[in-house]
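Open the model in a viewer and keep the selection panel at hand. The stops below go from metal sites to the chain contact.

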Amino acid sequence: MFACKNCGGNIIYDIKSGKLVCKHCQSSFDPENVTKENDSVDYDYFETTVFTCPQCGAAIMCEDNEASSFCTYCSSSTVLTSRISKEKKPSYIIPFTKTKAECIEEYKKITKKAIFAPSEFRKDSQLDKFKAIYMPYWCYEVTQDSNMFDVTGTERYDEQTGSMSSFYSINGMVRGKFTGICKDASYNFSDDLSERIAPFHIKEKKKFYPSYLSGFYADVSDVPSKVYEHEPIKIANEVAREVLQGEAARGEFSNVKVYLSNDQATEQFNTTVEAKKALFPVWFLSFKQNKKVAYVTVNGQTGKAASDLPVSIMKYLIAVLLATLVFFVPSAYLFFLFWERAPFVFMDLMLLLSAFVFVLYYFEIKRMQIIETDSEDAGKFYRKYGVVYIKNKEKHKSLKNFYNIYKTDIITFAMYIVIVGIYIWSFTSVFGISDYFSLITKMIFIVGNIVLALIGFIRSISLKNTSNFYGILVGVASLVITTLIMLLAYSYAYAVLAGGVFICIGCFVTVMDLIRYHNELSTRKPPYLKKRGGDVIADSYNM
Amino acid sequence: MPTVIICSLFLAFFAAFVSVYFLAKLTSAPSDKKNDEEDEFGLAGSEFDCKFKNIRIHSRVSDFYIKTKEEKNTDNKR
Ligand SMILES: [Zn+2]
Ligand SMILES: [Zn+2]
C-alpha cells in the first residue's frame, strides 16, 4: 500500500490524471515521487504482495487485499493465498490511459453483433468485473552494426534463349536500431489474444516505479525472452534487406535485387538482440464456460478489444425453433405441389442437403484446424516441451485467403464431382424423372453421402479438441439406417419418410458438433491446471 | 396430409439449423488481428532507424547465363 504524505491514506493511480490520488484529502502525487518506506534500498527489485489461485495456479501481484477473493484467470470465487515477494523491476511501463468505462464501451462495440454469445457476456453486472492488469511483455531491442558487410545482389534479364543473371557484391556499413517489437511474456495471456489487441505504442513508455501499480494488478508469470527472440531478429533483418535494396537499386544498378536469408543477414549485418521487460496495460475479464473460461481483453492504451465469443447452445436452439416456423410455410407450399409423391421428394431433398452438410463439416473442421494451430501459445509450448515454437506464418496467410484451403486437395476435387452429381440427380428427381433411375441411383448417392461423412469424420479425429465429438458418426449411422430402409422398403411412403427424418436428425447432430467445436476453440483451459481425464494437478505442476 | 406436414416440418427444420449455424458463426467470428497489409513487417507500435552508408556495388563476374548455384560458387573461389 502506498501512503499519502499528507494524511496517511491509501493513494491510488488515477488513469485520467496520470497521478496518484488520495481519496481522503484529494492531494495528488507524481508516481516518480512516491515510494514505500523500505523500497528505495534496492534498485533492481521491489516488494509486493503476490496472490496465488489454488484453483488454477495463476499468480498475480496486487497491493490491494480485495484481490484475495476472486481469480480473474479461472473466473472462480476462491480464497487466494498471498505472500510478500520481491519482484524484479521491469525496465518500463506503459500506464493505463483507458478507463474502465471506456474499455466497456469498446468491448460493447465488438460484441454488438454477437447475438449468439451467452447473455452474461452483455450483463452490466458482469462487465463491471473488468480488471486492470499490467501484463509482462518482452520488448526487444535489435541492433545492427557492421562496418563492412558483403551481400550478393542479383540482376536478372529474361531472354528468349534463357535467363541472364549478373551478380554483384554489395558492400557498405549499416547502423540499425529497432525498439518496441514486443511479445507478451505471460503464460496466462495467450498469444492469439495479445496479437489481437496489439500494438502498444512504445513511444509512451515510462520508467517503471512500483507506485504505478497502486490500484492495479500485475501478472507475474514469466516466459523466457528467448522464446520469441527469433521474431524481432527476423523482422529487423527483413526491414534492413528492404532498405538496402532501395538504397542499392539506383542508377545503373536499378534492377539489382538483394536476396538474403535470415541467417545471412544476421551474420552480415551483425544483428544482435536484447530483451527488456516491460508492463503493458490490459483490461481483462473472464467468463466461466463449462469447465473452461472465455477471455475478454481490451488494450489499456489504445482501447482495441478482443473477445472469445462462444455460441450459447440455448440461444442457438431457440433461433432454430423460430427459423423452423418461418421456413415451414414455403416448405409446406413446396410439398403441396408434390402431394402424392411428398415422401420421395423429401428423401431426395434430404440427401441433397445432407451432402451439403457433410461437405460443410469437412471444410469447417479444416478451417478450425488452422485456427487451432494458430492459437498455439509459444510461451505455453515452451514450458511444456522446452523447445522454442516457431509459428508457421504461411498457414496464417492461407487462413486469410479462404479459398486457398479449398483449392489444394484432391479430396475436395472428388467431393465437387459428387456434389455436382447429386445436384443433377436431385433436380431430375424433383421433376419426376428419377423414378426411372430407380433404386440403384438412389443407393449410389446414399453411399456417396456416407463417404462424405466418413471423410469428414477422418478429418475431425486429427483435431486435438474433438475427442468427445462423435456427432458425425450419428450422421453416418442415420445414413446406414436409411440405406437399409431403402433396400427393404423403398416403395413404401412411410418407410421413405422415416429414412428422410433419420438423415435430417443425423445432419442436425453433425452441425451441433460444429457449434460445440467452435465453442471449444473460443474458450480456454485455465492457465496451469489443465484438466484432461483423471490427471488433474500432478502433471501440470511438473510441466 | 400428415406426411406432407411432417415432410415440410423437417425440411424447414433442416433449412433452419443450417442457416442459423451460418448466422451464429458469422456473428461470433473473432475480431481481426492487426491488419497485415498496413503492417507488413509487424512493426506497429515500435520505432526503428536503419541506415546504410558507403554502399559500393561492384560486379563479381562478367555477365553470363546462369542456371545452377555451382557456377556461382566456383566463381567465388576464383
Ligand atoms: Zn491524503
Ligand atoms: Zn484461478
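What arrangement do the 4 donor atoms around the zinc ion (ligand 1) make? It is tetrahedral, because the donor atoms subtend angles of 100 to 115° (four donors count as tetrahedral if all angles lie between 85 and 135 degrees).

This is a predicted model, where local features need pLDDT of at least 70, side-chain atom pairs count only at pLDDT 80 or more, and totals for chains, interfaces and linings use all residues. Residues are numbered from 1 along each chain as its sequence is written, chains are lettered from A and ligands numbered from 1 in the order written, and side-chain values use heavy atoms, without hydrogens and water.

Select the SG atoms of Cys4(A), Cys7(A), Cys22(A) and Cys25(A): they coordinate the zinc ion (ligand 1) at 2.2 to 2.3 Å (donors are N, O and S atoms within 2.8 Å of the metal, or 3.2 Å for Na, K and Ca). Cys4(A) and Cys22(A) are buried (under 20% relative accessible area, 1.4 Å probe, protein chains only).

Now show both chains. Their contact takes 97 residues from chain A and 61 residues from chain B (heavy atoms within 4.5 Å). Finish at Glu364(A) and Lys25(B), whose side chains form a salt bridge at 3.8 Å, N to O (a side-chain nitrogen of Lys or Arg within 4 Å of a carboxyl oxygen of Asp or Glu).

Notes:
Tetrahedral: all angles 85-135°; square planar, octahedral: opposite > 155°, others 65-115°. Buried < 20%, exposed > 50% of the residue type's maximum accessible area, 1.4 Å probe, protein only.
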